[in-house]
Amino acid sequence: MTRQKRRTADTRRAWKGAYGMAARGNGRHGRDAEGNRAGHVLALVATAAVALVLAVSIAFAAGARHREHFRTQATTSARTSSPSSPAPSPDPATGDAAQRDDDGAGDAKGDDDGKDDAAQRRGDATARAKRIVDAMSLDERAAQLVMAPLAAGTDPSALASLIGDDHVGSVILMGNWASGVDGVRAAIDALRGYATDGTPLLVATDQEGGLVQHLQGPGFETMPSALEQGRLTVDALREDSRRWGAQLHAAGVDVDLAPSVDTVTIDRAANAPIGALDRDFGLDADGDARHAVAFIDGMRDAGVATAVKHYPGLGSVTGNTDFTADGIVDTTTDADGPEVAAFTEAIGEGRPAMVMMSLASYAQLDPGVPAAFSRPIVTELLRERTGYDGVVISDSLSASAVGGVEPTQLGVRLVEAGGDVACINDPAYTTPILAGLRARAAADDAFADRVTASATRVVAMKIAIGLIR
């Protein structure tokens, strides 16, 4: 075995050991080759049967096609590779039926009206969120910024006090849940029952596919890796994502912390967090973005929100930030490069509910500072330049990459940078992170204002995805 292959194998074993996962199966799901061949035969028969009718009506059909051409120019996307759009479904960015600007031009009256309507819905959700947050204490606002972990095999009652007494606003399901849809639903129902303050609990998980599929067992398909998903057409991926999302929705999950929009720029085996684990779509930046949008759209069709990750990209580092602080400096990604552009497209076209920040540092953007703690990256690049005004979530703040930071300061640094939700994988970090946020907010009025702004974004997202009605 070559050194490179050994390194890849070691990386995969470390990942499996950390999360209790087995590699997932290959290929598409729920498709029948024999059925496809039968469909082709039926199509030929149908074509022959209508040939005479078509010949008689050719002039009318031509006229209809001519009229349809102009309708299509005015109302559909110029990007022919985009997935076809089903009936409108709830939009996590607005809380209403999607009115998506798909033509890429933005100068038609209908497009402007759609943008105005979406902006109005966002404004309404934000105004309502402000009223809800105004009624909270400062401690309760800070608690909306914490996503506590519940590991597979842990009784939900372990979080009863955090949710009921401390008002923690979100939970992430971690580990190898083998209890199936019904078992996960029972756990989530128990968690939601602990929220007594009138602000519903948000439940998330990592359900990317391949090595990262936390929820398994009866009712959950074995999802292919993102690399395999990248070999599908965007239409097929949206269809598959809709089905996977329906399974998450049935289990009570609100947000899938996926997809990864990282574009691998170095040797795949050397890129420990993404390429070596097949967590990317395996395409160029534009292809990665288009497949990410298809994944997001499919989840939305099923009523599940998403979070694109790991902004501004983990495809150019060698170290896995979960397990090491070495090899996690990206020296090439810049604000105008294709890696950031992939996220910009996925955010603008897909409208995910959240953007997850990387814990690597970026020499061309803010040297020496993890992206999740970087105001130039979170606020100036993502929010101001890209125009993203939604929830920003960190990658796990219990990761080795930020192990040198005092735990009470982890959430503080995220919020100072312009972030909102502190995602945590190790339960030992939950209380210190929450305590640090509360202490700083109590001592610093400017920071308290930032906590209030972040809590408002979080509550507005809960309204948008239907948790708060």
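Trainee: At what angle do H10 and H11 pack, and how far apart are their axes?

Mentor: H10 and H11 pack at about 25 degrees, with their axes 8 Å apart. Helices here are DSSP runs of H or I with at least four residues, strands are E runs of at least two, and both are numbered from the N terminus. This is a predicted model: local features need pLDDT of at least 70, side-chain atom pairs count only at pLDDT 80 or more, and totals for chains, interfaces and linings use all residues. Residues are numbered from 1 along each chain as its sequence is written, and side-chain values use heavy atoms, without hydrogens and water.

Trainee: Why are H10 and H11 called roughly parallel?

Mentor: Their angle is about 25 degrees. Angles under 35 degrees count as roughly parallel, over 145 as roughly antiparallel, 65 to 115 as roughly perpendicular and the rest as oblique. H10 and H11 are therefore roughly parallel to each other. The axes are lines fitted to C-alpha atoms, for helices over the stretch in contact, and angles run from 0 to 180 degrees between N-to-C directions.

Trainee: Which residues of H10 and H11 meet?

Mentor: From H10, Ala285, Asp286, Ala289, Arg290, Ala292, Val293, Ile296, Asp297 and Arg300 take part. From H11 come Pro338, Ala342, Glu345, Ala346, Glu349 and Gly350. The residues of this contact divide into eight nonpolar, one polar and six charged. Ala, Val, Leu, Ile, Met, Phe, Trp, Tyr, Cys and Pro count as nonpolar, Asp, Glu, Lys and Arg as charged, and the others, Gly among them, as polar. Contact means heavy atoms within 4.5 Å.

Trainee: How do you know that the span of H11 agrees with its length?

Mentor: H11 covers residues 338–350, which is 13 residues. The expected span is 1.5 Å times one less than the number of residues.

Trainee: What covers the buried residues of H11?

Mentor: The cover includes H10 (285–301), strand E7 (305–311), strand E9 (354–357) and helix H12 (375–385). The buried residues of H11 are Glu339, Val340, Ala342, Phe343, Glu345, Ala346, Ile347 and Gly350. Arg351 follows H11 and has a positive phi, near 55 degrees.

Trainee: What makes H13 oblique to H14?

Mentor: The axes of H13 (407–417) and H14 (430–443) cross at roughly 60 degrees and come within 6 Å. That angle makes H13 oblique to H14. Their crossing is right-handed. Pro407, Thr408, Leu410, Gly411, Val412, Val415 and Glu416 in H13 meet Pro432, Ile433, Gly436, Leu437 and Arg440 in H14. The contact residues divide into seven nonpolar, three polar and two charged.

Trainee: Why is Thr456 called buried?

Mentor: Its relative accessible area is 10%, which makes Thr456 buried. Buried means under 20%, exposed over 50% and partly exposed in between, with a 1.4 Å probe and protein chains only. Thr456 sits in helix H15 (445–464). Leaving aside neighbours within four places in sequence, Thr456 contacts Thr126, Ala129, Lys130 and Val133.

Trainee: Is His167 buried or exposed?

Mentor: His167 counts as buried, at 16% relative accessibility. The residue lies in the loop between H6 (160–164) and strand E2 (170–174). Although it is not a glycine, His167 has a positive phi of about 65 degrees.

Trainee: And what puts Asp278 in its class?

Mentor: At 18% relative accessibility, Asp278 counts as buried. Asp278 is in the loop between strand E6 (255–256) and H10. Its phi is also positive, about 55 degrees, although it is not a glycine.

Trainee: What is omega for the peptide bond from Lys309 to His310?

Mentor: Omega is near 0 degrees, and the bond is cis. His310 belongs to strand E7. The bond from Tyr311 to Pro312 is also cis, with omega near 0 degrees. Pro312 lies in the loop between E7 and strand E8 (329–330).

Trainee: How far apart are Gly209 and Ser225 in sequence and in space?

Mentor: They are 16 residues apart in sequence and 4.6 Å apart in space, C-alpha to C-alpha. Gly209 is in strand E4 (207–209). At 5% relative accessible area, Gly209 is buried.

Trainee: How many residues does the chain have, and what share counts as buried?

Mentor: Of the 469 residues, 52% count as buried. The chain has 15 helices and 13 strands. Among contacts with a separation of 6 or more, 78% join residues 24 or more positions apart.

Key. Left-handed = near helix turned anticlockwise from the far one by under 90°.
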